[in-house]
Amino acid sequence: MLKLQINNLKFSIDNEEILKDISFDIKNGAFVGIIGPNGSGKSTLLKNIYRVYKPSSGKIILDERVLSKLKEKECAQKIAVLAQESNTYFDFTVEQIVKMGRYPYKSIFEDYSKEDLQIVRQTLQKVGLENDMNRTFSKLSGGEKQRALIARALVQNADFLILDEPTNHLDIGYQIQLMDLVKNLKMTTLAAIHDINLAAMYCDYLIVIHKGKIIKVGSPEEVITVALLKEIFGVNAYVGINPINKKIQVSFMSNIG
Amino acid sequence: MLGVSVLIVLLILSIVIAVAIGSTYIAPREVYKAIIYKLTNGLMYKDTSDAMVMAIIWEIRLPRVLLGALCGAGLALCGILMQCVTKNPIAEPYVLGLSSGASCGAVAVIVLGSMSSVGITSITMGAFLGAILTGILVFAIGTQLGRTSSTTRLVLSGMAISTIFSALTNLLIYVSPNTNQAKTALFWTVGSLGGAKWEILLFPFIIFCIVMIITFFLSKSLDILLVGDTSAIILGINVKWIKVLLLLLTTLLTSALIAVTGSIGFIGLVVPHICRTLVGSDHKKLILLSSLIGAIFLIGSDVMARGLFPPLELPIGIITALVGGPFFLYLISKKNYSFGGNETC
């Protein structure tokens with residue numbers, strides 16, 4: 001069964017084509033990573049899927065239904081997203097932030113119920129924030145914030161998760177912690193990942209995007225080669241296998257020796 | 001809930017006391033009896049006070065105090081909504097330039113109409129239309145007719161259009177031969193509750209109730225909108241639509257208030273912040289609390305405006321700024337105040 005199908009997706013801003021004819025499928029249960037240099041269109045592609053942008057043409061099909069035909073709240077019941085958010089001009093507690101994940105299930109006349117709070121508490125336990133419920137969200141550390149946002153994504157009860165470069169500003173310890181947490185959820189996941197080693201370690205499949213086009217799709221072993229890294233990042237690299245976890249490992253080399 | 005009940009009692013008390021205070025002092029007991037007498041259509045309490053006192057209470061002071069309550073509640077509510085839409089802690093109801101539009105509309109009616117035939121109602125109407133027109137212009141240019149939801153462009157458009165309308169107002173006053181117009185323009189710049197009558201209360205009151213009810217039901221969405229546009233889209237909110245709705249509601253309510261009181265500064269900025277320190281960012285609580293505190297705050301300010309230098313009546317904007325300003329500074333200097341999240345750490 002296919003979770004997501006993208007057919008001939010194109011997207012332009014001010015007549016500049018950012019995404020050029022993107023097509024790919026994601027199977028149920030797969031953990032798929034998107035890699036590519038800055039400005040290649042990784043994040044833009046994800047934003048087309050989670051409806052921040054509207055595709056110029058092409059089709060996005062989720063669970064065999066056309067995404068643009070779904071209501072906003074219906075989409076939010078099917079797709080959970082972990083993204084960067086810059087605004088901190090608010091004073092919500094961790095519990096209040098996570099509770100918002102139940103919004104797609106509420107009509108405007110309904111308030112959050114006891115069951116909702118129950119779900120919020122259980123989920124906070126899952127991400128290890130059960131003792132931080134009443135802390136102010138904006139005063140959490142970067143890693144704690146991301147865990148709270150994962151909890152918010154989880155209470156949405158969706159079965160498709162999008163990660164839009166969520167580990168960018170985190171220390172390596174938090175990056176691993178976050179990715180382990182996500183991997184353990186065993187949800188169908190599509191993630192834009194900056195770090196090639198991190199992508200190779202967690203993803204079943206990788207999609208390589210360069211200048212708005214998909215140039216390669218496959219398992220990390222198939223995709224990550226010295227030639228590809230040279231082509232899209234313009235750097236020399238050593239590609240090997242980590243003897244301990246048997247995953248692809250990349251080591252970059254300076255151009256001046 | 002307890003807090004809200006206490007504040008409702010406080011509001012009723014301050015209404016009664018504010019009606020009692022004035023050039024002729026009337027005992028609060030008398031005020032209370034007179035109001036109940038009128039409200040129950042004479043069923044409760046006999047008409048004990050003389051007609052003169054009754055007229056002062058019912059025809060002059062009560063409409064003024066109620067207008068103050070309505071205006072304070074409405075401006076505080078609009079302040080919260082504007083801060084939510086723009087995600088900017090310094091946003092307030094006049095950020096879109098509505099007050100300049102209102103004074104321009106009012107002055108235009110006076111200058112362009114012949115003085116004799118222009119009544120108070122048409123000046124109020126002019127102010128209302130001026131404010132609404134400004135709102136529409138700012139919306140059309142600032143959001144490109146709803147196509148973008150960037151709020152920086154919106155706020156900047158508001159500033160520019162506000163400047164243009166201020167200049168137009170000054171131009172109208174400068175070229176017209178009558179000096180009275182300057183006074184009228186001043187009325188809309190500093191604000192006053194002096195024009196209160198029962199008739200003019202109805203329209204802003206209806207608009208206030210509509211805005212209050214709609215935003216109360218939207219409070220869950222408002223919370224999420226404050227976190228960020230991306231979060232709102234992810235969680236299934238139609239961000240463009242809700243922003244358009246909120247801008248429309250604030251424009252309508254602010255315009256309806258400005259048209260009868262002029263622009264009363266600072267209250268729409270200070271009261272929301274006071275309430276945020278009390279209940280955090282939860283909009284359901286914020287909306288109720290701000291409306292109540294805003295109402296009490298403005299009633300108090302008006303009592304001071306009337307009572308500090310009798311018989312001289314000060315413009316109410318002077319009081320709201322002199323009381324609100326220092327209080328706001330105190331809030332900002334408090335270490336644990338964090339409307340701006342991490343910035344105060």
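This briefing covers a helix pair in chain B and a sheet in chain A. The model is predicted: local features need pLDDT of at least 70, side-chain atom pairs count only at pLDDT 80 or more, and totals for chains, interfaces and linings use all residues. Residues are numbered from 1 along each chain as its sequence is written, while chains are lettered from A and ligands numbered from 1 in the order in which they are written. Helices (H or I, at least four residues) and strands (E, at least two) are DSSP runs, numbered from the N terminus.

**Helix pair, chain B**

- Helix 1 (residues 2-20) of chain B packs against helix 3 (residues 51-86) of chain B at an angle of about 140°, the axes being 9 Å apart.
- Helix 1 of chain B and helix 3 of chain B are therefore oblique to each other.
- Helix 1 of chain B contributes B:Leu11, B:Ile15, B:Ala18 and B:Val19 to the contact, and helix 3 of chain B contributes B:Ile57, B:Arg61, B:Leu62, B:Val65 and B:Ala69 (C-beta atoms, placed from the backbone, within 7 Å).

**Sheet, chain A**

- In chain A, 6 strands form an open sheet with mixed pairing, in the order 6-7-8-3-9-10 (two strands pair if DSSP finds at least two bridges between them).
- Strand 6 (79-82) and strand 10 (213-218) of chain A are at the edges, each with a single partner strand, so one side of each has no neighbour in the sheet.
- Strand 9 (residues 205-210) of chain A runs antiparallel to strand 10 of chain A, joined by 5 bridges.
- A:Val208 has A:Lys216, in strand 10 of chain A, as its bridge partner.

Key. Axes fitted to C-alpha atoms, helices over the stretch in contact; angles between N-to-C directions. Parallel < 35°, antiparallel > 145°, perpendicular 65-115°, else oblique. Contact = placed C-beta atoms within 7 Å.
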